[in-house]
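Dear colleague,

Please find below the structure that I am handing over to you. My notes on it follow directly after.

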Amino acid sequence: LKINSKNTPSRGYNIVANVNNKSKNKIVVCAHLDTWFDTPGAIDNGTGIAVLLTLAELLNNVKNLSNNIELVFFNGEDYYSGIGEVEYLKQADLENTLLAINIDGLGLKNSKVHTSYYFHKDKPELFKPFEKHVNNNGNYIEGKTWPQSDHMIFFQNGIPAIALTNELLLEDSFSIGADRITHTKKDTINIVDYNILYETVALLFNFLTSL
């Protein structure tokens, strides 16, 4: 067996934006901006990026936030070794990070939003107002934890985390029936429920500005 391959040096970036960076305490909201080669990547993870960009636009007009809101667009999550995550951890101020919220695989049609919570001892007080916002919306359900994606780098470093995806997460990697869609050419905007994206932006905005 002969594999004709080569390594080509390249440069990639995480994009990090802060709202109210004068505050010591920080809440991170993140999504990854990459997808597998030659796939559209609408659900995984274009929808997460769309939510972050819209949230950034709304938060830019808010005054007197209590916390520093850090929006992180991770690069390299879908590829070997999580190099973007590793680079972020080298530079991040984790000591003052209160919470991380990760968006990955959001907005699949005919699927509720799957929320999961990650903490080490007692459930943090910050989870309560978030759960209150979630419980007011019938499109959100609490499900099993899943030890993948960008929320795990925070949890593994002792920081509470919340992950938002779709309820079919644990069913063969976001499948529609027997059809796998993530990391395939089927992951197009035609399967996106935009109302879920709008609702999630509103949920996150109301949560972050109410603290």
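Asn-21 is exposed, its relative accessible area being 54%; exposed means over 50% relative accessible area, buried under 20%, and partly exposed in between, with a 1.4 Å probe and protein chains only. This residue lies in the loop that joins S1 and S2. Its C-alpha atom is separated by 37 Å from that of Asn-190, the two residues being 169 residues apart along the chain. Helices (H or I, at least four residues) and strands (E, at least two) are DSSP runs, numbered from the N terminus.

Please note that this is a predicted model, in which local features need pLDDT of at least 70 and side-chain atom pairs count only at pLDDT 80 or more, while totals for chains, interfaces and linings use all residues. Residues are numbered from 1 along each chain as its sequence is written, and side-chain values use heavy atoms, with hydrogens and water left out.

The sheet is open and is formed by seven strands in the order S1-S3-S2-S4-S7-S5-S6, with mixed pairing; two strands pair if DSSP finds at least two bridges between them. Strand S1 (15-19) and strand S6 (140-142) are at the edges with a single partner strand each, so one side of each has no neighbour in the sheet. Within the sheet, S2 and strand S4 (residues 97-103) are paired in the parallel sense over six bridges, and Ala-31 is found opposite Ile-103 in S4. Helix H1 (residues 42-59) packs on this sheet and touches S1, S2, S3, S4 and strand S7 (161-166); contact means heavy atoms within 4.5 Å. The direction of H1 makes about 140° with that of S2, where angles run from 0 to 180 degrees between N-to-C directions, and axes are lines fitted to C-alpha atoms, for helices over the stretch in contact.

Helix H2 (residues 83-91) has Gly-84, Glu-85 and Tyr-88 as its buried residues. Seen down the axis of H2, these fall within an arc of 100°, so they line one face of the helix; the arc is that of the directions from the helix axis to the C-beta atoms. Ile-83 and Lys-90, on the other side of H2, are exposed. The cover over the buried residues of H2 includes strand S2 (26-32), strand S3 (68-74) and helix H4 (151-155).

Finally, helix H3 (residues 127-135) and helix H5 (residues 194-210) pack at an angle of about 145°, their axes being 10 Å apart. Pro-129, Phe-130, His-133 and Val-134 of H3 meet Leu-203, Leu-204, Asn-206, Phe-207 and Ser-210 of H5.

Yours sincerely
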